[in-house]
Amino acid sequence: MVVNNRAEVTAIGIGSAGIKIVSLLSRKSLLVDRYVYISCDGGDFSTVEQKDTILVESPVDQKLTPAIVRGLALGSAAKVRKAVGESKFVFVVAGLGGATGSGLAPLVAALAQERGATTVGVAVMPFEFEKKMKFYAGVSLRRLRASSRGVVVIDNDTLMRSSPEDATLANLYDSANKAAVKALGSLLSSGNPKPLGLNKLFGTVLQDGYSLLGVSSSGTEDKAEDALAGAVVSLGKLAETREASHAVVSLNGDPTFSAREVGLAVDRLGSLMDNEEVDVEYGVDDSGSAQLQVSVLASGFRSTKYDDYDPLAKILGDRVIDDEMDAALPEGLEALQPCD
Ligand SMILES: Nc1nc2c(ncn2[C@@H]2O[C@H](COP(=O)(O)OP(=O)(O)OP(=O)(O)O)[C@@H](O)[C@H]2O)c(=O)[nH]1
Ligand SMILES: [Mg+2]
């Protein structure tokens with residue numbers, strides 16, 4: 001792997017979804033200096049440059065679980081540390097619910113934090129119909145929060161709202177990825193006329209609890225207001241919006257979008273969220289289209305709908321059980337048994 005130690009901001013995509021989203025982001029002009037991709041499946045690297053990849057291989061053909069993936073990845077920890085290099089900021093992006101992203105995102109975030117990077121996890125949560133994925137996703141999200149300075153949560157159901165009813169799964173993923181990349185891209189944009197900037201982004205994300213991303217778009221006459229309201233509605237499906245302490249609004253439209261509309265939209269956010277105390281920052285990017293895209297990243301949520309994905313943690317509350325046994329392969333590879 002070719003490592004530029006001076007890269008200040010590194011984005012790491014993990015697993016199939018994380019890699020797709022980060023590789024799409026890497027084609028945009030963002031406040032990110034370097035991109036790294038990690039997976040157990042070499043096929044995930046088809047859209048990225050091989051020099052930026054870390055493959056975590058299993059010597060035995062077996063069904064993977066997050067715990068087994070973490071065990072296998074112990075051998076790759078040095079490569080991950082090297083990839084993090086001297087980065088000041090690291091974004092760890094993964095879809096949660098499968099084995100690879102769920103297993104590795106918290107581990108990679110912990111390694112990056114240990115190296116002194118301010119690390120933010122970006123978790124894409126399963127579609128509502130992916131019931132079986134919820135448990136791994138819930139456990140992993142909690143772990144990712146514990147091993148990062150902040151976590152941005154994106155819900156796949158929020159992202160797919162614009163898909164037609166008869167969309168195939170591939171179509172659904174594609175449109176979810178496009179929406180995710182638009183939203184994350186506008187938060188990390190280095191474009192004009194008023195980029196949000198990392199300081200404001202981190203001012204929101206590095207709060208206690210979770211940051212949730214709401215997105216919407218509109219092409220109507222009152223598009224700022226319409227899209228903002230839509231983004232807040234999507235947040236309301238994930239948590240109580242009045243719990244938020246900070247928010248950033250990112251507006252991506254064309255150059256005709258007026259300053260008055262920007263002001264109106266930003267002013268309205270507190271009342272839409274039923275919380276006039278919320279601390280609001282905003283960024284505007286005019287490289288988009290007449291269809292205004294609004295992302296609202298709100299933070300400070302102590303509870304979200306994802307708490308229900310991990311019922312054990314809910315029951316235990318602050319109490320802890322000894323769950324070391326599932327954390328890794330104990331010694332060598334004897335523990336690698338096919339699951340069925
Ligand atoms: N937005 C989006 N979500 C995806 C995509 N592919 C998978 N997902 C979601 O991401 C979560 C994890 O799925 P994957 O990324 O396929 O899983 P993985 O991390 O590669 O793990 P394994 O393949 O099981 O080892 C699930 O909720 C999927 O619905 C994608 O291209 N876009
Ligand atoms: Mg995969």
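This is a predicted model: local features need pLDDT of at least 70, side-chain atom pairs count only at pLDDT 80 or more; totals for chains, interfaces and linings use all residues.
The model contains an open sheet of eleven strands with mixed pairing, arranged in the order β3-β2-β1-β4-β5-β6-β8-β11-β9-β10-β7. Strands β6 (residues 150-155) and β8 (residues 210-218) are paired in the parallel sense over two bridges, and V152 has S211 of β8 as its bridge partner. Helix α1 packs on the sheet, where it touches β1 (9-14), β2 (34-39), β4 (89-95) and β5 (118-125). The direction of α1 makes about 130° with that of β4. Helix α9 (residues 223-236) lies across β8 and β11 (292-301) and runs at about 140° to β8.

Helix α3 (residues 77-84) and α4 have axes that come within 9 Å and cross at roughly 55°, which makes α3 oblique to α4. This crossing of α3 and α4 is right-handed. Residues A77, V80, R81 and V84 of α3 make the contact with V108, L111 and A112 of α4. By class, six residues of this contact are nonpolar, none is polar and one is charged.

Ligand 1 is surrounded by 24 residues, of which G15, A17, G95, G98 and G101 are the closest. Two or more residues of the shell are given by each of α1 (15-25), α4 (100-114), α6 (156-159) and α7 (169-187). The shell around ligand 1 divides into 13 nonpolar, nine polar and two charged residues.

Key: Residues are numbered from 1 along each chain as its sequence is written. Chains are lettered from A and ligands numbered from 1 in the order in which they are written. A residue is near a molecule or strand if its C-beta atom, placed from the backbone, lies within 6 Å of it. Helices (H or I, at least four residues) and strands (E, at least two) are DSSP runs, numbered from the N terminus. Ala, Val, Leu, Ile, Met, Phe, Trp, Tyr, Cys and Pro count as nonpolar, Asp, Glu, Lys and Arg as charged, and the others, Gly among them, as polar. Two strands pair if DSSP finds at least two bridges between them. Two residues are in contact if their C-beta atoms, placed from the backbone, lie within 7 Å. Axes are lines fitted to C-alpha atoms, for helices over the stretch in contact, and angles run from 0 to 180 degrees between N-to-C directions. Angles under 35 degrees count as roughly parallel, over 145 as roughly antiparallel, 65 to 115 as roughly perpendicular and the rest as oblique. A crossing is left-handed if the near helix is turned anticlockwise from the far one by less than a right angle, and right-handed if clockwise.
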